[in-house]
Amino acid sequence: MVAMSVNLGGLVMKNPVTTASGTFAAGREYDDFYDVSTLGAVTTKGVSLNGWQGNASPRIAETPSGMLNSIGLQNPGVAALKEKDLAWLAGKDVPVIVNVSGHSFDEYMQVIEALDDDSRVHAYEINISCPNVDEGGMTFGTHAPSVETVVSRCRAATKKPMIVKLTPNVTDVTEIARAAEAAGADALSLINTLLGMAVDARTRRPQLSRVVGGLSGPCVKPVALRMVWECHKAVKVPLLGMGGICTGTDAVEFMLAGATAVAVGTANFMNPAAGRDVVKGIRAYCEEQGVQDVNELIGGLQC
Amino acid sequence: MALTNETGTILRNGQVGPNLYLLEVESPDIARRVEPGQFVHTKIPGMEGHILRRPFSVYAADPDAGTFGVLYQVVGFGSEHLTTLGTGERVENVGPVGHGWTLPEDAARVLIVGGGVGAAPVFMLAQQAVAAGKDVDVVLGARTKDALVCQARYEELGARQVLCATDDGTYGHAGFCTGVVDQLLAAREYDYAAVCGPEPLMKIVAAQTADAGLPCQVSLERRMACGVGACLSCVVDTVEGKKRACVDGPVFWREEVVW
């Protein structure tokens, strides 16, 4: 038996695997394929205070070994999250990480305030890295003083485990990581999508309505691994690694680079049971390698 | 209805018209449960760097034999690669996905319009309507005679009439199938219409049926990632805000859609 449990900044997960926000809704859409209680945690789609319409179509484009998205954080708001998604998740044996979005410093805090006395919320992931909105999102996450402001204000609003999600669209991710840690983050998640674009040569038009979007999938894995490894050396808080994880082996690579837990994102679109399969794959790796506790893998990279 | 991710076996995959291919898959669970207008979200093997599944409307299904068919047009890498797969190869399908056609029980006279490859997603609806004893008129449009690949199956079905139009005038009415729809709407009364095809065609038929006061459904297509309702890639603008083409659709009532 492999000990699979990890502690992500105060959030105890029965295994290191959660879902990347925005790829899994709140899990219900995947219930036909496997029991989400199999996961270490469910991370819900980003939620804002009163809901957003998101961006115009087309919202996605396939790119080599990946995809671009420009959904724009379409969501029905925090009240709908509580009424529908959290109610459904309450029937599952899995902790819930709510991804929190906002257009302003105040909105992030207001979302947390609306959720904080709800025992169905176990942790927050503060999304200061979405590349697809004009205000908030990545504009906060690329500027260390803004990161400190939003994270410290969220910190004041909750005692629950708070994960801050970082963008890779910066020169030095460790500068942002340190700012988030200093402002009170319990853990950091990375990476959000890489800003990119796709062009249709025949129509001479961008493939996305908003021209640019966020790149994800296996193509971003090397960048994500590098940034997890850099942050592992730079901060003490645990890391939630993500970026192109499709298999247990991918997940193990992130843990060796320094991640305590991992998130499965775009792979959910390729394989609707990807989350379950990654959990199985980590366990199989540990059994094969004689690893008794998955925590032994964290930062175990030999270099 | 529950979705499954079923690995099926290709029984047949071949060209049936200009740029048109027919795929038949043995996939008993999906074949048994698929309803008219639903689709499968297909993981095509050997796609290398192309990571996403591709949505395909189900053309026909044989629940006893455990098979379903897909009529597809080559439009890009995925559909082109699909043509290279042969009998015995395996494909993984999430399905049956979506809300299909809702043929009203009290509709006695039904008009079905299929443009191009859009003739396929309305075929099972025509089957259902004929089986329910309704008078069914079918209008099929294509660029040219050779592309009217569904005509024979519609004729075998026992529809009251199957009328065709070709853009180049090589068969039937010369011009778009909306011209035939105009004639039918002027001459007859219907209780329900369904249309599938290029979006400009559906928009015109939506306007024609609106003028005639006829309830009409359309089947919309969008770029899709998850195919299960989670990612919000495939949204359609409706009068009630954005809805997901995959699970809220792909079939919508004409008046729901912001055209």
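The exercises below concern a predicted model.

**Exercise 1.** Find how many helices and strands chain A has, and explain why chain A counts as being as compact as a globular protein of its length.

Solution. Start with the secondary structure: chain A contains nine helices and 16 strands. Next, take the radius of gyration of chain A, which is 18 Å. The globule rule gives 19 Å for 303 residues, and the two values are close, so chain A is as compact as a globular protein of that length. Then turn to burial: 57% of the 303 residues in chain A are buried.

**Exercise 2.** Identify the residues that touch the most other members of the largest nonpolar core, and the helix that gives this core its largest share.

Solution. The core has 186 residues. Those touching the most other members are A:Ile126, A:Ile163, A:Leu188, A:Val228, A:Val262 and B:Leu140. The largest share, six residues, is supplied by helix α6 (residues 221-234) of chain A. From chain B, domain 1 (4-97) and domain 2 (109-219) each contribute at least three residues to this core. Now look at A:Ile126: setting aside neighbours within four places in sequence, its contacts include A:Val100, A:Tyr108, A:Cys154 and A:Ile163.

**Exercise 3.** Describe the side of chain A that touches chain B by class of residue.

Solution. First count the residues in contact: 28 from chain A and 23 from chain B. Then locate them: β5 (60-63), β6 (66-69) and α8 (267-270) of chain A each supply at least two residues of the side that touches chain B. Finally, sort this side of chain A by class, which gives 14 nonpolar, ten polar and four charged residues.

Note on methods. Residues are numbered from 1 along each chain as its sequence is written. Chains are lettered from A and ligands numbered from 1 in the order in which they are written. This is a predicted model: local features need pLDDT of at least 70, side-chain atom pairs count only at pLDDT 80 or more; totals for chains, interfaces and linings use all residues. A nonpolar core is a set of buried Ala, Val, Leu, Ile, Met, Phe, Trp, Tyr and Cys residues joined through C-beta atoms within 7 Å. A residue is buried if 20 or more other C-beta atoms lie within 10 Å of its own, exposed if 12 or fewer, and partly exposed in between; C-beta atoms are placed from the backbone. Helices (H or I, at least four residues) and strands (E, at least two) are DSSP runs, numbered from the N terminus. Domain bounds come from an automatic or database domain assignment. Two residues are in contact if their C-beta atoms, placed from the backbone, lie within 7 Å. Ala, Val, Leu, Ile, Met, Phe, Trp, Tyr, Cys and Pro count as nonpolar, Asp, Glu, Lys and Arg as charged, and the others, Gly among them, as polar. The radius of gyration is taken over C-alpha atoms; the globule rule is 2.2 Å times the number of residues to the power 0.38.
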